Structure formats: C-alpha cells, structure tokens
Amino acid sequence: MNDSSRSQRQKVVVIINPISGAGKRRDAARLRAEQAAALVEQRRFNAGVFVTERPGHARELAQAALRRGATVCVAWGGDGTVNEVASALVNSQASLGIVPSGSGNGLARELGIPLDPAAAFQVVFDGRARLIDAGELDGHLFFNIAGFGLDARVAHRFAESGLERRGFLRYLELAAREVASFVPQEYALRIDGHELRVRPLVMALANARQYGNGALIAPNAQLDDGKLDIVVVDHRPAWQVLMHARRLFSGTVAQVPGVTMMRASTVSIFAEAALVYHVDGEPHSGGQSVKACVHPRALRVLSAIR
C-alpha cells in the first residue's frame, strides 16, 4: 500500500492538552493545534484536532473519536492526558500515538518517542504498532506505573500546587520536602495468593520501567509480559533516600538494601486507614482495601522501538 492509500484509510484524531508543559504561554493551544494540523496535512491523513478544556475531557474526546471510526488517537500532553486517551482505546482496534509534553513522560520514553513534537509525529506516521498490557488499580486503568507511599503523597501535592509551577524540578522539590516528614503506612498484601506485610517508603505497581526522566523504579518490567512488577522500598531515613536516589537513574535500585521486587498478575492491598495512591501520576483515594490486576495486550500503541 502506498502512502497516499494509507493516508486515506487512516482516520487520525489529535487530542491536545494546552496546559501540559506549556509554562505560562497563553497561546499554547493555538500553536499546538496549528502545528498538529500542518504536520498531519503534510502526510494527507484524514484528521481532526481537538483541545481539552477540563480534566477528563481527553477521554471523552477519544471515546467520541472511536464512535466516529478513528483508527489513531494522538495524545499530546503529559502522563495524565496519555492515560485518559489510552483508557478510552483499551480493547479497541485504534492505536494510541503520543506527543509527550509532561513532567515525566514515562510511557513515551519507554516507547522511544522523542520529546520534540515534530519528531513524535513521525512515530505516529511511521512507527511500529504493538500491543501492550494495561494495569488496573481500584477500577482505574494505568499503563505506566501506579503506586502507594511517598510517590502517591507527592502526586497529591503536585496536583494541589496548581499550574503556576510544574515540571520535573518542581516534582523533585516536593519529593525532597515530603520525604523528611513522611510517615509510612502499613499494608497487608496478597500477591497471587501469597501474603505479606510491608511498611514501605514507596510501593510501585509497574507495567513499565520508569516514572519518567530516566528514573527506573522497576528496571526489569516489560510492557507486554502479562505481569505487574511490584517494587517495595522499605521505609528509611531521609539521608538514606538521598544517598540511594542515584540508583534510580542507573537502573540498579534492586541492589539497594531493603528493596524487594516481585512479579504478579493480581495484587490485593489492605490497610487500617483509607488508601491514598496514584495511577500514572494522577492522585486518587480509596477505601481500606483495593485490588490491582493486569489486562494482557489490551492497548495498541505506536512505538519508535522496533
């Protein structure tokens, strides 16, 4: 099939978060929409470009696009925008494209997608379609990492901080501030039938390897193995956290004393107080028990890694 025939068959929808990674630029929505339209037009794809107006809107737009027969939905934004669009595409024949512009861009990095928008669109046009797993925690789908403990608390603080100061440095600032006062919660876990109790600094449920920016919390995780990697980092003094932080970026966190890694298809988590957690960086709260599972090969994505 030549490029012209392929373009005519594909129905591409681009869903843009105008706030993610835009700083204080008030014209970000217009500029991104114009760039997306121009790049898609160059390839003569049948396309529509939409801009989100509120939380949850990206998912609504993706669901509407599917009803209109979209074959590719492109999420231009951060991990939250990607999660919303991907959640709408699960178990469909449509593919997810990503133009990353968030603080971490964890899933995009795992798929080898460049941070430059024009280069990311090349992956949309020419990338390899592959099937990856979807995790589910307490009814919320995730595609990168969900978690409890310090990272969940930081996710809540990050969301509360509003839009004036975002980005990776802001995230690190909040993490450094929270680690000094963090009080761990005790959890009872049932992992594929085995039970244990933990009191972690961080407990990650990983579908992919990294939070983003190269911070590899689950260096052995695979996107399509039908399993979640459970990483438990025991609670420790703040100075030890800072001392071992570099291990995240070298992929050697498993060598840190007090770090346990397991692989599972189902996880049940119990606590004596309400559970606070995040899914793909978005904060959530639940009851005193939640369940996580994995949906194998549930999402079709466009990847730069062949």
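Helices (H or I, at least four residues) and strands (E, at least two) are DSSP runs, numbered from the N terminus. This is a predicted model: local features need pLDDT of at least 70, side-chain atom pairs count only at pLDDT 80 or more, and totals for chains, interfaces and linings use all residues. Residues are numbered from 1 along each chain as its sequence is written, and side-chain values use heavy atoms, with hydrogens and water left out.

Stop one: select F121 and F125. They sit four residues apart in helix 6, so about one helical turn separates them.

The structure holds five aromatic pairs (Phe, Tyr and Trp rings, the six-membered one for Trp, with centres within 6.5 Å; planes under 30 degrees apart are stacked, over 60 edge-to-face, the rest tilted). One of them is F45 with F125, stacked at 5.3 Å centre to centre and 20° between the planes. F45 lies in the loop between helix 2 (28–42) and strand 2 (46–51), and F125 in helix 6 (residues 117–126), so this pair ties together parts 80 residues apart in sequence. F121 and F125 pair too, but tilted: 6.1 Å and 35°.

Next, jump to H278 in strand 14. Its bridge partner in strand 15 is P283, while G147 has H278 as its partner in strand 14. Finish at D280, in the turn of the hairpin formed by strands 14 and 15, where phi is positive, about 50°.

Technical notes. Two strands pair if DSSP finds at least two bridges between them.
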